[in-house]
Amino acid sequence: MSVRLTTAQALVRFLAAQHTERDGVRRRLITGMWGIFGHGNVAGLGQALVEYADVMPYHQGRNEQAMVHAAVGHARQLNRLCAQAVTTSIGPGATNLVTGAALATINRLPVLLLPGDYFAAHPADPLLQQLEHPVEADVSVNDTLRPVSRFFDRITRPEALIASALQAMRVLTDPAETGAVTLALPQDVQAEAYDWPEEFFAERVWRVRRPAPDPEELAEAVRAIRAAERPLLVAGGGVHHSEAEAALRAFAEATGVPVASTQAGKGSLRHDHPADLGGIGHTGTAVADGLARTADLVIGVGTRYSDFTTASGTLFQHPGVRFLNLNITAFDAHKLAARTLVCDARTGLEQLTQALEGHRVDPAYEAEYRAGKERWERVVEAALSADDPSAVPTQTQVLGALDAVVGETDVVINAAGSLPGDLHKLWRARSPRQYHLEYGYSCMGYEIPAAIGVQQAAPDTVVWALVGDGTYLMMPTEIVTAVQEGLPVNLVLVQNHGYASIGGLSESVGAERFGTAYRHRAADGTFTGAPLPVDLAANAASLGMEVLRAKTVAELRDALAAARASDRPTCVYVETDPAPTAPPAEAWWDVPVAETASREAAIGARERYDRQVAARRRHL
């Protein structure tokens, strides 16, 4: 039996019938489709979404990149067990997807991209927005998505969709392969009718596997842990994706092995758990980085070992340090010449805990890291607290005020600027999903659309997007989407009149903060000290948000409490005292400095760089 439908209609019906299942719980895979319509998708997918509005929810975005960010935030909140699709026109609508696709793939998060494409039949060449390549006539702008997609296909015939759609679902639901998946859809093919086999639209369940470790690898791992005197576990985002937090807690409590976390892994243990040391790496805590330097075995669980985590190869300094990596992808498990446990994080941790029964770290080591944790907690409290409620708050005091307001399950979202460093060091995560930092791609503009995606995934959860002025100016337009969808996201807009993070980095590498502030330009080309007369709070209000302005610590506390109680999108706007109050970096990060220069700032920065880079190790 067959059903005659257009390719676009068939795709929408197919997507509505896909499900995931893990641990016996079934979920809809594609929970909705984001779209901005133009030529290339309006007559195809646009018509199909009208035809099947009862089975495929549609969400209207304002920027194609932001739609991908919203879908990524949604998938992360739901532990990669659900995803959203994004459709665009051809031309700039399609190329605007590239940044979001890179973010999704780098962070191992599923999103389905459905950009329009040129006419497969080439009845008119060139058409509006078509890229003409002199020697490759089949190239379109969508080919820019190939390197940032985990699966890519251009559907040049209706029947070609059958195999490609199934492959797309396989990749989206495979925890070892997932990322951005792109099906480029020529606009004539979208509208072309075909007799589709009914089986294509049958309910289909994609089981998300929990592969167990190889017995020999497990035995080796157990021997390595038993032999270690100063083991340290590094929890990455894979702990959350696997829902392995309870298994990690059981492992830490049974063995006494301390746990430090990457940006993606923070919250794997509650902040007040005795074994939780907080963040690790360039933005890590003093206690975590101190132990990392003396660890003889580093147990990585679900981490990619980015340069921030390893302090660009300078952090793990024990002469005999070895690595044991538990990861569902062999690609990540083999990093740093490690012993490997290629398996699901929860399954692997459970089996490790069972196999290590009776083993525990030396009591002196446990006492050492617990004392270090207590010392660091005093540093955190000093950075977050504010003695004078009438004072202009610093950035860390903004975090302190928010810390006092959030509930156990609130979600705090951030991605770029100086806030990620402060949050990684100082935020006291109370639940596994509370700390939502996108730092694989560190993409400015992620926070507001991601908050929308998270709010869609968890309607009863209070969601906070923390945004600096630089990030806000990148992508504020999705505020309108939150208003349209009736999503009560909270925006904390921190105004410091420039790129504070990059300004500090610029100064440290001898670039003298050039081009990192929002200031008036004088007639001679230099920048004056006066900030620009820009009112970002008024801008947020003009886009439909309720705006609460806070000038002091006391006003900030009241505004945050009011925002949390609100049932509509709300912005808390605060200008901060620029004086740095966050603890300094505990580890290095490699940003190459000019090898030769005439200015003293760059000469001194190069001298410091040469001293730091000498500590780099190749862990082989």
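These notebook entries record what I looked up in the structure above.

**Ground rules.** I worked with a predicted model, in which local features need pLDDT of at least 70, side-chain atom pairs count only at pLDDT 80 or more, and totals for chains, interfaces and linings use all residues. Residues are numbered from 1 along each chain as its sequence is written, and side-chain values use heavy atoms, with hydrogens and water left out.

**Cores.** I began with the nonpolar cores, each a set of buried Ala, Val, Leu, Ile, Met, Phe, Trp, Tyr and Cys residues joined through side-chain atoms within 4.5 Å. I took buried to mean under 20% relative accessible area, exposed over 50%, and partly exposed in between, with a 1.4 Å probe and protein chains only. The largest nonpolar core has 82 residues, and Leu-233 and Trp-464 have the most contacts inside it. Helix 15 (residues 363-384) gives the most to this core, with 6 residues. I read helices (H or I, at least four residues) and strands (E, at least two) as DSSP runs numbered from the N terminus. Another core, of 47 residues, lies apart from the largest one and includes Val-68, Ala-465, Leu-536 and Cys-571.

I then listed the contacts (heavy atoms within 4.5 Å) of Leu-233. Beyond residues up to four places away in sequence, Leu-233 touches Leu-248, Phe-251, Val-257, Pro-258, Val-259, Ala-260, Ile-299, Val-301 and Leu-349.

I next traced an open sheet of 6 strands, with parallel pairing and the order 14-13-12-15-16-17. Two strands count as paired if DSSP finds at least two bridges between them. Strand 14 (276-279) and strand 17 (339-342) each have a single partner strand, so one side of each is left without a neighbour in the sheet. The twist averages 20° from one strand to the next; for such angles, axes are lines fitted to C-alpha atoms, for helices over the stretch in contact, and values run from 0 to 180 degrees between N-to-C directions. Strand 16 (residues 322-327) is joined to strand 17 by 4 bridges, and Asn-327 stands opposite Val-342 in strand 17. Helix 10 (residues 245-255) packs on this sheet, touching strand 12 (231-235), strand 13 (259-261) and strand 15 (297-301), and its direction makes about 170° with that of strand 12.

I found an open sheet of 3 strands in the order 3-2-11, with mixed pairing. Its edge strands are strand 3 (25-28) and strand 11 (204-207). Strand 2 (residues 18-22) and strand 3 run antiparallel, joined by 4 bridges, and His-19 faces Arg-28 across them. Helix 1 (residues 7-16) packs on the sheet and touches strand 2, strand 3 and strand 11.

**Two helices.** I checked helix 8 (residues 215-227) against helix 14 (residues 345-355): they pack at an angle of about 60°, with axes 10 Å apart. That makes helix 8 oblique to helix 14, since angles under 35 degrees count as roughly parallel, over 145 as roughly antiparallel, 65 to 115 as roughly perpendicular and the rest as oblique.

**Enclosed places.** In helix 18 (residues 447-457), 11 of the 11 residues are buried, so this helix is largely enclosed by the rest of the structure. I also looked up Val-189, found in helix 7 (residues 187-191), which is buried with a relative accessible area of 2%.
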